[in-house]
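Opening the notebook on this one.

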Amino acid sequence: MRSVVVHRQGGPEVLELVEGPAPEPGPGQVRVAVAAAGVNFRDLQQRSGGYPARTPFVMGAEGAGTVTAVGPEVDDLQVGNRVAWAMVDGAGYTEQAVVPAGRAVPVPDAIDDETAAAVLLQGLTAHYLTRSTYAVRTGDDVLVHAAAGGTGLLVVQLAKRAGARVIGTVSTPEKAPLAREAGADDVLLSSSGTLVDDVRELTGGHGVHVVYDGVGGPTFEVSRRSLRRRGSLVLFGLAGGPVAPIDPSILGRGSLFLTRPGLADHVATREELLDRAEEVLGWVAGGELAVRIGGRYPLAEARRAHEDLASRRTTGKLLVLPGS
């Protein structure tokens, strides 16, 4: 089988296509023929060394496909089942992956493999952000950064579903229609020097109840200054780079809340994983949640996928397709 392997961390050029034997599942594991693998900013950070990792490793941690072998001590999955997974290191850009059975989510017949691979990680993220970290309520004003990205488009939709008024930011004017189609009431350019003033004007001078910020360094101060009294800054990612150290006393100006949540802590048990996944996949299957796939890349072109994602030229979710 073929896999994209990193032997030393660095730029996109370190992604190597190699051939090797298909892995055998151990106790509590299944082997899956990977139909599609999700490309995430976390992949770029792991590849470059932003996240320490022992090399060599197979790139990617999210995908969907069909079970081809079942290891001992697996009772609820069998060969032929279609499954998706997220946050399983080494189970991504490869033709055959070993996945812990406890992390494999059944895929409904109404959803194809590409859609399942495109929505699981970011759909689960949007779910916990808008339902658990800050539970959006009817009438809330919500600011979503990178609103035309894979996660942003889903957060916008779920915030609107909960009854919020949503303001989205995008990096280019060309991305604005996508955010509007997802439900954003207003769309602003992230490069605008008047972004905070614009947000406050749109909210009658009050600011927003919550900011969902997956960018980090470049947007943190804008996010903080866009909040209303007792507002919440939800920093769920660092796609744009780390946030400089802050003095916690700045949160006292308005009695603000700051949180840095992660998906792992919101799907810590099999039960919680399935509960969130079933709701997200059910919305997708029912046409209530739209998933945008912004690019598809053959396994041999994983490097281009990383370059495109890093350039911010893309919208929606990027996929690597091991079968092509």
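I started with the largest cavity, which has a volume of about 40 Å³. A cavity here is a set of points on a 1 Å grid over the protein atoms alone where a 1.4 Å probe fits but cannot get out. Points are joined across faces, edges and corners, and the volume is the space filled by probe spheres set on them. With a cut-off of 30 Å³ or more, I get a count of one cavity. This is a predicted model, so I noted the limits: local features need pLDDT of at least 70, side-chain atom pairs count only at pLDDT 80 or more, and totals for chains, interfaces and linings use all residues. Numbering runs from 1 along each chain as its sequence is written, and side-chain values use heavy atoms, with hydrogens and water left out.

What lines the largest cavity? I find Ala-86, Met-87, Arg-103, Leu-120, Leu-124, Leu-263, Val-267 and Leu-273 there, where lining means having an atom within 4 Å of a point. By class, that is seven nonpolar, no polar and one charged. For the classes, Ala, Val, Leu, Ile, Met, Phe, Trp, Tyr, Cys and Pro are nonpolar, Asp, Glu, Lys and Arg are charged, and the others, Gly among them, are polar.

Most residues other than glycine have a negative phi, and most peptide bonds are trans. I place Met-87 in the loop between β6 (82-85) and β7 (96-100). Helices (H or I, at least four residues) and strands (E, at least two) are DSSP runs, numbered from the N terminus.

The other backbone note is a cis peptide bond between Thr-55 and Pro-56, with omega about -5 degrees. Pro-56 sits in the loop between α1 and β4.

Next, pockets: open sets of points with protein on both sides within 12 Å along at least five of seven lines. I get about 1,100 Å³ of space in the largest pocket. Its lining has 46 residues, with Phe-41, Thr-151, Gly-214, Phe-236 and Ala-239 nearest the centre. Elements giving two or more residues to that lining are α1, α2 (113-133), α3 (150-161), β10 (165-170) and β16 (317-321). α2 gives the most, four residues. The lining splits into 22 nonpolar, 19 polar and five charged.

The second largest pocket holds about 170 Å³. It has 15 lining residues, and Leu-153, Gln-157, Ala-290, Val-291 and Arg-292 are the closest to its centre. Which element gives the most to this lining? It is α3, with four residues. I count seven nonpolar, five polar and three charged residues in the lining.

Then helix packing. α1 (41-48) and α8 (302-311) pack at about 110 degrees with axes 10 Å apart. That makes α1 roughly perpendicular to α8, the class for 65 to 115 degrees. Axes are lines fitted to C-alpha atoms over the stretch in contact, and angles run from 0 to 180 degrees between N-to-C directions.

Last, the sheet. It is open, with three strands in the order β2-β1-β4 and antiparallel pairing; pairing needs at least two DSSP bridges. β2 (15-19) and β4 (57-58) are at the edges with a single partner strand each, so one side of each has no neighbour in the sheet. Two bridges join β1 (2-6) to β4, and Val-5 stands opposite Val-58 in β4.

How values were computed: Angles under 35 degrees count as roughly parallel, over 145 as roughly antiparallel, 65 to 115 as roughly perpendicular and the rest as oblique.
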